[in-house]
Amino acid sequence: MERRRRGASALTLLCATALLAVSAMTGVAQAAPVPEPGAKSLEQVRQEIDGLYRQAGTATDAYNLAESEAKAQSAKIVEIAKQVVAGQDRITALKNRAGAAARAQYRSGGMPAGARLALSGTPSQFLDGADRIRQGEKATTDLLSEMNRTQSDLQQYAKDASAQWEKLEANRIKQENAKKEIEEKIKSAESLESKLEAEEKARLIQLEQEAQYKAQTAWLSSGVLKELNSSASEPGKKAVQYATAQMGKPYVWGAEGPDSFDCSGLTSQAWRAAGKGIPRTSQEQLRLLPKVAIKDMRPGDLIIYFDDASHVGMYVGDGAMVHAPRPGRSVTLAGAGSMPIKAVVRPDA
């Protein structure tokens, strides 16, 4: 527990040091520039930029989900195509069997089986012939039934393939719309930032850090770390090792590594490296993975943020998490409580 208090203190000190460093560079730590009458304050600009990037994050989730579903549908279409080929081969084989039966009847002179049976010379021949007729009739009936079933299967495969193509096209449209929204939101946020002077940009970073520091301090002040004493599972340790090894790599929406990541790309790949496949998006991670209470949180668990589940980070212990924040930022450590927590989920529950 003492080690955890030291770790939390170290993280808090790290945040405070970062704030002081930015303050020292800008010389505006004590007072922000006075905005012109009617102009937005720098804090309002920060909130607007943050909102735009969050909207881009939500759209990124929609894009990633559509992409993963499209991949699954493409795989289904390929599987259906294989089933169609197998069904067609089966139909060909059945037709060959039916042709062979027809040729055999032709060689027998085309005489109906019943007539040949009536002309048999002895009772034993008659009985043997009757048994063969029953077997032949059953074989013919089975052959026709199998052909009908296979034809029916092929018709169903065609319907399935058509349905999957429609879903694939719908997801393609979803991807395009999500991509357009992402690019628009990011462009708007970057446009806002580009209008700031150098000192204002530095002050903007400081405001971001102050907001995160304030939220993290309030979270720690609740005494939450007193109850956090769970150790990571072996897969959880591997996931944390992978995620923290990516620190410094840039955020790129839709990216799953190895050179860049978005938030859920980082967490999903980290757990893939640990041998556990999990959903690609933060919203699907929230929906499909088992939830755990914050007091039971352990390293490797995923923290889902905001009401719309638009962001995710991985808890690494001592009140900290690793995440890919947003465009223009890199994978980094941050306070686990530096953003509003919606839920905690456990990939290896």
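In this predicted model, the buried residues of helix α7 are Cys263, Ser264, Gly265, Leu266, Thr267, Ser268, Gln269, Ala270 and Trp271. Because nine of the eleven residues of α7 are buried, the helix is largely enclosed by the rest of the structure. Directly after α7 comes Gly275, whose phi is positive at about 90 degrees.

**The sheet**

- Six strands form an open sheet in the order β1-β6-β2-β3-β4-β5, and their pairing is antiparallel.
- The edges of this sheet are β1, at residues 291-292, and β5, at residues 332-335, each of which pairs on one side only.
- In general, the strands of a sheet pair through backbone hydrogen bonds, in either a parallel or an antiparallel manner.

**Helices packed on the sheet**

- Helix α6, spanning residues 234-245, packs on the sheet through contacts with β3 (311-317) and β4 (320-323), and its direction makes an angle of about 115 degrees with that of β3.
- Helix α7, spanning residues 263-273, also packs on the sheet, where it touches β2 (302-305), β3 and β4, and its direction makes an angle of about 45 degrees with that of β3.

**Backbone features in the loops**

- Most peptide bonds are trans, and most residues other than glycine have a negative phi.
- The peptide bond between Gly257 and Pro258 is cis, with omega at about 0 degrees, and Pro258 is placed in the loop that runs between α6 and α7.
- Phe306, in the loop between β2 and β3, has a positive phi near 70 degrees although this residue is not a glycine.
- With a relative accessible area of 13%, Phe306 falls under the 20% cut-off and therefore counts as buried.
- Asp318, in the loop between β3 and β4, is likewise a residue other than glycine with a positive phi, here about 55 degrees.
- The relative accessible area of Asp318 is 17%, which is under 20%, so Asp318 also counts as buried.

**The chain as a whole**

- The secondary structure consists of eight helices and six strands, which follow one another along the sequence in the pattern α-α-α-α-α-α-α-α-β-β-β-β-β-β.
- Among the contacts with a separation of 6 or more, 70% are accounted for by residues 24 or more positions apart.

**Confidence of the prediction**

- The average pLDDT of the protein is 79, and 76% of the residues score at least 70.
- Over residues 1-10 the pLDDT stays under 50, and for this stretch the model has eleven contacts beyond four places in sequence.
- Over residues 12-35 the pLDDT also stays under 50, and here the model has 27 contacts beyond four places in sequence.

Methods: Residues numbered from 1 in each chain as written. Predicted model: local features only at pLDDT ≥ 70, side-chain atom pairs only at ≥ 80, totals over all residues. Heavy atoms only, no water. Pairing = 2+ DSSP bridges. Helix = DSSP H or I, 4+ residues; strand = E, 2+ residues; numbered from the N terminus. Contact = heavy atoms within 4.5 Å. Axes fitted to C-alpha atoms, helices over the stretch in contact; angles between N-to-C directions. Buried < 20%, exposed > 50% of the residue type's maximum accessible area, 1.4 Å probe, protein only. pLDDT = per-residue confidence, 0-100.
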